[in-house]
Structures are given as C-alpha cells and as structure tokens.
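Keep the viewer open and follow along point by point.

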Number of protein chains: 2
Amino acid sequence: MAATPVWSVDPRTGKQRGQVAVEAAPAEVDGAVRAAHAARGALADAATRVAFLRAAADLLDASAAQVVETADAETALGTGRLTGELARTTGQLRAFADAVEEGSYLDIRIDRADPARTPPRPELRRYKVPLGVVAVYAASNFPLAFSVPGGDTASALAAGCPVVVKAHPDHPATSELCASLLRRAAVATGLPPEVVAVVHGFGAGLELVRHPLVSAAGFTGSIRGGRALFDAAAARPVPIPFHGELGSLNPVVVTAAAAAERAEEIGTGLAGAVTLGVGQFCVKPGLVLVPEGADGDRVTGALTKALEETGPGVLLDHRMREAFIEGVRERAALPAVTSPVAAGPGGEHTVGAGYLAVPARTLVEGAGTSGHELLLEECFGPVTVVVRYADQGEAAAVLGLLCGNLSATLHLSAAETAGGGGPAAELIAQFTALAGRIVVNGWPTGVAVAPAQHHGGPYPAATSHSTSVGGTAIERWLRPVAYQSVPDALLPPELREANPLGLPRRVTS
Amino acid sequence: MAATPVWSVDPRTGKQRGQVAVEAAPAEVDGAVRAAHAARGALADAATRVAFLRAAADLLDASAAQVVETADAETALGTGRLTGELARTTGQLRAFADAVEEGSYLDIRIDRADPARTPPRPELRRYKVPLGVVAVYAASNFPLAFSVPGGDTASALAAGCPVVVKAHPDHPATSELCASLLRRAAVATGLPPEVVAVVHGFGAGLELVRHPLVSAAGFTGSIRGGRALFDAAAARPVPIPFHGELGSLNPVVVTAAAAAERAEEIGTGLAGAVTLGVGQFCVKPGLVLVPEGADGDRVTGALTKALEETGPGVLLDHRMREAFIEGVRERAALPAVTSPVAAGPGGEHTVGAGYLAVPARTLVEGAGTSGHELLLEECFGPVTVVVRYADQGEAAAVLGLLCGNLSATLHLSAAETAGGGGPAAELIAQFTALAGRIVVNGWPTGVAVAPAQHHGGPYPAATSHSTSVGGTAIERWLRPVAYQSVPDALLPPELREANPLGLPRRVTS
C-alpha cells in the first residue's frame, strides 16, 4: 500500500503548499515509541534536561523568522500573533527549565524513623519519578504553544519523559520544522535525538495511545476526538492517564451594575475576546449573560458596532470553516434566537464574525427538550451567544445548565468589586463549581504562563484534574515512589541525607 | 421484589450470625448520594472538618471493645490484630485532621500581577477545592483501616468530600457499627449525618460509580472487581477519577551475600510476612527470589521450619478459602514446581500456610507460553512462591516479567548496604520502575501511616498514580481552581492577601 501523503495547505487559498511527510504506518509509530523509550535514561539527569530545554528555546528564537513564516503560511494566524505565540512558547520552555532547577516539583518528603511509635515508624523518603514515554496530541489553534514545542512537550521533557507528538494536520510543516529544532537542541546538549519524535496521521494517533510503552498522553482538541482517545487510553490492558483539554463554553456574566457603569467598554472588550485568533481560542467566551433593559442594550450595541467593524478572517482549515458556518446556521435557526450580527461566510475562504442572542428564559424553560441545548455547546470560530437575563435567579439558572469549563468570567461594578458578599459572592461560588479559572473584570483569553495558573476544569473542559499551562503542568508526567529504610548510598541523589543537589524537602522528625 | 438480605457470617464456622441490613436498591443508592451531595456545603469549613475527624476517632476509640469484637466475629482476624488496626484507623483520622489544620494540602500558589511583562501577567491565586461526593469501596482484609472508617473515608472527609461507602460483604455488621459512630461524630460537631453513608450489595456498588453526582471513587480489592468499576468510571458520560488498589505480587530479592550472612533470619521473617493476617495483606510477599546453593537452602530451610510451625488459619470467607485452595493446587500442578510446605485445606474452615518453589529459568524460558505466568499472579492467602536463581541476570530476568507492584523488597548484606553501586544499585533502579515503595532489609507488610508514605504503584497495583495511605492521599479528592484578578473581598478566605487562616503559600512576585 502506498504511503498516505501529508500536505501543508494554505487556508487563505485552500491550495496545497507542498507535501511535508507521509502518515506513519503502525510499524513506524512502534519504532518511534521504542526509540523514545530506549532514550529515556538519557533524560534522567536534571542538569541535562535544563540545558536541553534552554537550548531548544534559544534555537526556536534564533529561527523565529522561519518558524513564524511557516506557521503563518499554513494557519493564516498572522505574523504578529505567531511572533507572540513563539515568545510564549520559548518562555514556557525556559520556565520549565527553571522549575527543574528549583526542584520543588519532585515533592520530596522525608519521614525520619521513629522507633518509639506504636507501631515503630520506619524511615521513609519519597520523591517523584518520570512515567516514561508521553504521547502529545497537538492542537489546531496554537501551532507552537500547544503543539510540537508546546506546553505538553515542555512539561513532559522537564519531567524526564521522552515525547512522541502526533502532529496536527493543519500545520505539518511547522511541526516538522519545530521537531527538527528540538532534536537539534537535544543533540547539542548530549541527548539522543529520539527523545522527541513526530508522527502524522489519524491512525498513528490511535496507535500511539494504545502502544504498551506509552505511559501517558496530553491532548488539546475537540470533545469528539479527545473522548475517543480518552476511551482508548482507559480500555488498554494497562490503562494510562489521559490529560485532555476538550471543549469549553467559557461563560461570562455581566452584572446589571457593571452594565450600568461601563457598557461600551464591556461590549467592545467582548468583541475583541470573541474575534481574537478568529475566534479559535479554547477560552473564547461562548456564552455571555447580559442583563435585559437599556444598560444591557448598550452592551450589545457596543458589541454589534465592534463586530461589524471587524473584517472577515481565515479559519485554520476548510472543514473548520464549513463546520463554523453550519454551526452558526443551526443555532440561528432555533426558535427565539436572533442574529443581531450574522456570523458566517465572508469571501470564498473567509468568515465574518457575529453573535446570536436569546432570552435566558428560553434556555431555562426549554432545558433538555427544545433543542436550545445546542447553544450550550462550543462553536469554534468568531461567534458568541448573548443570553439576556431578567434577574440574578435567571442568570444562575442558566449557569446551572452548563457542563465544566476552562474559565468563567464576571464583570462587576466598582461598588460590587469593593463590597464582597451579595450576588457577586454567589456567582463566584457558582463559578468555582463550574470552572478551572475565574476571571473578574477581564477576559479569559490570554492564559498566562505562571506558577499559579490553572488551565483545566471539570469535564469536558478537561479529562483530568490537572492543568496544561503553568508550573504544576509538570505533575502530570510523574509518579511518587517511597524508599523505606534504603541505605543512603543506594538512594537516588535527590533523597540522600546530605542533600547534595540542594533540593527543597519537607521533613518530618 | 423482596429485598436481598445482608448477613453477617462467622468464617470460623461458616454460620450466619444474623441479618444486618438489606442490599440497597437503585433508588436507595440514589437517595444516599443525593443526601450526601446536599450535605457537602456543611463540610466546607476546615475547622469543622478537623473537629469531626477527631470526634470520629475519639468515638471509635471509646467503642473499641465493641468494634473489635464485632470485627473479629465476622473476619476471624483476631482481637490483637484488630485492636492494632483500630489504633491505626483512629490515628489516621487524627493525622488527616492535623493535615487539614496545617493546610499545605491546599497547595496555595499566588502570583502577583506583573504589568511590566510581555504580555502583562495578571494576578493569579490558586488553591484546591473538594471534588464532591466520593464513593469508597471497602476492602475485605482490613475491616477498619481500609473500610468504612478507613483511609479513603478519612482522606475524602478531610478534603471536604461527603462519602458513600459500599460495604464489603465480609463485615457488614462492622461497617454498620462504624458508620453509626461516624454519623454520630458528624452530628456531635454540627454536621448533617448524611456526610457519611453506607450501602450494601454488588449492584449498589455499580450504581454508585455510575451516579452523576458521584465525583470520584476509592477502591481496595481484586483486579477483576476493581477493573470492572474502573471501566464503569471511565465509560460515564462524565468520567471520574477511580483510585483503585487492585493487586500486587510484592517481589522480594534476597542477594547471595544476604543469604550467606543471615539466612535463618530472612527465612523466618519471610514466613512471618507471608502468614501475617493469614496471608491476606495487599503487600504480602508473593514472589521471593532466593539464590540457588547452600545459603539459599538455609533460607528455605528456615522458611520451611517456620511455616510448618504455623498453625492453620481462618480466611475471611468461604469463597476465599476455596479460591485459595484451588489457586495453590493449580500452581503446584505446574511442571517443575514443588511444594516443600503444602499450603491448602486445614480443618473444615481453616487453611494451612505453605510455599511453592520453582527455578528462575523455568519462569524465564517459559515466559508467556508454559502456563507458569500463573505464578506471577497474586494468590490471596498464606502462600508464597520461592524462585531459585543462579545469578543476578536470572533474577533481573524474572523481575522483568512482572507487572506493577505496591512494593518491592531487597535483602542485602552489611557490605552491600554500606557500599552503594553494584548489583544492589541496579536492583533498586529496577524496583523503582516496578513498584510504588521499595524496602531494604525489612518486610513490606506494615504500611506506616506517615507523610512520606506511598501505597500505590504501576498498574495493576493501582489504577492511578496516587497513594491510598499517608499524607498525600488527600490529594485524590481535590482539584485546583485559579482566581484571576478577583478582588480580595470576593476571594475565599484561604486566598486573601492578609492570609487570615495563616496557611502556607508559595508566592511569586
């Protein structure tokens, strides 16, 4: 059987730019995983990993022009955005290098022996070890920050796990280019290049998650694709953790007082958050609760104006464009739904941004029976649903219909911000049950790479309780091991009494 | 349909002691879960949880005579062992109360805003919140420490999660008694009694893991039962984490030098670890690598003597007794397997302890084809398999055949203990890939309740990378939430700038 070609496609024209690779056959996936597994020992030394991550960041930065140009040619995301995304990506690689150097990710705990206890307590020393080969499934919408050199790869390598990335078909050339830079960085720091591999093709992705030597997976993408891989990971003879970020509506609530105070600012800001990256962000606000009445009308008026002034955009690929147009059409056709700014086809290869509007009571009264639950599903692209609510009870009832989310956002007035308690406190409490990150008086887009970040949330936002962004993302690729009464000379250096690596530890005497 | 009765049975006679309860119908499971879910808010206050856990420990201690007598009557584990197990159980409840008071389980991280960054970093404050109702599946072999008042319950309640326990059919009366004490402790500390519930019956257990309001599960038991529940948890529309401890062989390696140095001590110690609790420990050594030759013969000689001197014991129930007798029979019938001390039926209700022996090369050469892989499966009860090895390579090859384990144990000579490097270091490295806890010159039985403990390991030892014993067990029932630019007055007290609760935090400026 001839190999299936993998093409790089220009979404601005729909034309093939060139063949980049071929889809990996099962034997090729097996080869990549076995080579990565064989290379895992080389990643055991923390100082080498630190050097590798920094070298990778430096090489990516040094190749910025080529990386950005390649990514723009096959994603149409624009060089400005992609330059920023590359900076985020290399910053992320360096942040994980810093985290490895600092060492608290090892979560070292030492209990000294206590023979006086009943029963006597033996000496216990615990730290974390890498799981083994990690499968990473690249996202369509971030060809760098959530793809080959992205957060899953960076955190897995930082943990000491080799990585096999299943490239996204929307940016195979960028994937190959970035992989070559990562592998060059590996070699430059004395590591075998096999610590990073890339495979292409849907079938290869499924092979990967089923491979006996793959010990964990990270995924960013759709609910359908993510759930299929999650199910395959759970059905293995030896199940493995599958950390998937699947889908999120990212609800926003604008209080009546906030609308009264700064309707135009909120409406304009919302338009920006909905159209950023042509609406292709995991944390795009997809459902916005705006009060009924004149102040709410000013919010939607500003939203209307800003969206009408937004030019058409190019989506990542033509299937996405078709799915977006169809998704908007289906939603707009529901009873009581209006389209104040009609999102949909722009030119031959573009789409225009817009929004839909619906009364809260339509959602609440029809819950589960009227077809309006479609409005509570993510629609990937530059569109949002504005839900007009009469009172706090209605807003809470709509929130009560939602599944898990990556983020939930609240716009408050100055008085509500200062006050504490009241409806704002109730909404924060409801948000905490609903989402992984809660934002006040801002927008959820722009997920900061920072130690306290959490980019995850109740299902389907994520399939596990971990984060794919921020300092604690490294925890996904490690497991604890405890050493009981193991003589000092036989302990890993991280756990030796003299603490030769100077690592942070929690000691119980 | 008449309700199915739940009987308490005396395993010493096989006779029913009395009907304790009925199996829960689906509507009853639903009622227990809904009531627990409705009660979850009452567990939000940390000080109340601390008081509750301590009151529960005090009540259990005050009722020690009755608890131990009831547990002994339906498990035959003996009052000495059960008195110790109760102390362990109440110590565990108090240890989690202490952990809640100390607060580092919340893993609080605060990143101050940094407007000078590109892009500007917003303020982020992250801590962990309870998941919701936890389903706990009680173990047969620890009617207290891994059952109703055990580690899963204690850690879930400490995290702020209500608990519905599926009782084990081997000790329904103990389960009901302990539940009544826990519920009394709840009421005494101002909590609704519904924060702890108990249900009986296999069907009830399956209903529980599928219930939409159950958000996580903890399990200790067999591979078959645990995997069925794991699969059900993963197949839900909203999958939930399933922390199961399923099965473990707990390999032991006795080096040639250790055998030369203290063969009798090792053989006798091994007999004790194999027969403790009539061999019904998750960490019973089930496979022991002993060198060929005279020193190894002295190890097995001491083992033989000690086992022959061990009286017959009563297993937890009659199905277990039959499974044990049949499991030993099947293994003993394999080619090249001998039974120096034949484990098997004792009196009408008892079994005698014993061991099987097999050359390492039989296992290695026959791997996967000869039927000898049965020797690499846990056999619950007072039996172990002694594998005689010619050299380190053979020992390593046998270890290479094993699945994941809770523990791995190494017996070294004084010189090997002092030396570092060499074969001991290689074995420790191989153990680290294979097990969650590594023990040197001791026995894996007796899992200390301590901050650095890890009781888990690669599948099938555990279905997740968490621990069911020790300080970090609480992490299983929590998920992180990040608050971005949330005004101080609207933050949970745990995250407020003034730190009113005095909690440990990691702050990035």
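1. Start with B:N441, which counts as buried because it has 21 C-beta neighbours inside 10 Å. (For burial, a residue with 20 or more other C-beta atoms within 10 Å of its own is buried, one with 12 or fewer is exposed, and anything in between is partly exposed; the C-beta atoms are placed from the backbone.) You'll find B:N441 in the loop between β18 and β19 of chain B. Its phi is positive, about 55°, although B:N441 is not a glycine. (Helices are DSSP runs of H or I with at least four residues, strands are runs of E with at least two, and both are numbered from the N terminus.)

2. A word on what you're looking at. This is a predicted model, in which local features need pLDDT of at least 70 and side-chain atom pairs count only at pLDDT 80 or more, while totals for chains, interfaces and linings use all residues. Residues are numbered from 1 along each chain as its sequence is written, with chains lettered from A and ligands numbered from 1 in the order in which they are written.

3. The loop between β18 and β19 of chain B also holds B:P460. The peptide bond leading from B:Y459 into B:P460 is cis, with omega near 5°. Over in chain A, a cis peptide bond joins A:Y459 and A:P460, omega being about 5°, and A:P460 sits in the loop between β18 and β19 of chain A.

4. A:A336 belongs to the loop between α11 (318–332) and β12 (338–341) of chain A. Buried or partly exposed: which is A:A336? With 13 other C-beta atoms within 10 Å, A:A336 is partly exposed.

5. Now helix α5 (residues 151–159) of chain B. Nine of its nine residues are buried, so the helix is largely enclosed by the rest of the structure. Among them are B:G151, B:D152 and B:L157. Just after α5(B) comes B:G160, with a positive phi of about 100°.

6. Within chain A, β4 (residues 124–130) and β19 (residues 478–484) pair in the antiparallel sense over seven bridges. There A:Y127 stands opposite A:V481.

7. How do the two chains meet? In all, 53 residues of chain B are in contact with 53 residues of chain A. (Contact means that the C-beta atoms of two residues, placed from the backbone, lie within 7 Å.) On the chain B side, β19(B) gives the largest share, six residues. By class, that side has 29 nonpolar, 16 polar and eight charged residues. (Ala, Val, Leu, Ile, Met, Phe, Trp, Tyr, Cys and Pro count as nonpolar, Asp, Glu, Lys and Arg as charged, and the others, Gly among them, as polar.)

8. Strand β18 (residues 435–440) of chain A pairs with β19(B) in the parallel sense over three bridges. In that pair A:I438 stands opposite B:Y483.

9. Finally, symmetry. A rotation of 180° with 0.0 Å of shift along its axis superposes chain B on chain A, at an RMSD of 0.0 Å. The two copies are therefore related as by a two-fold rotation axis. (The superposition is by least squares on the C-alpha atoms of residues with pLDDT of at least 70 in both copies.) Of the residues of chain B, B:A234 comes closest to the axis, at 3.3 Å (C-alpha). Because 100% of the interface residues of chain B are also interface residues in chain A, the copies meet through the same surface.

Methods
Two strands pair if DSSP finds at least two bridges between them.
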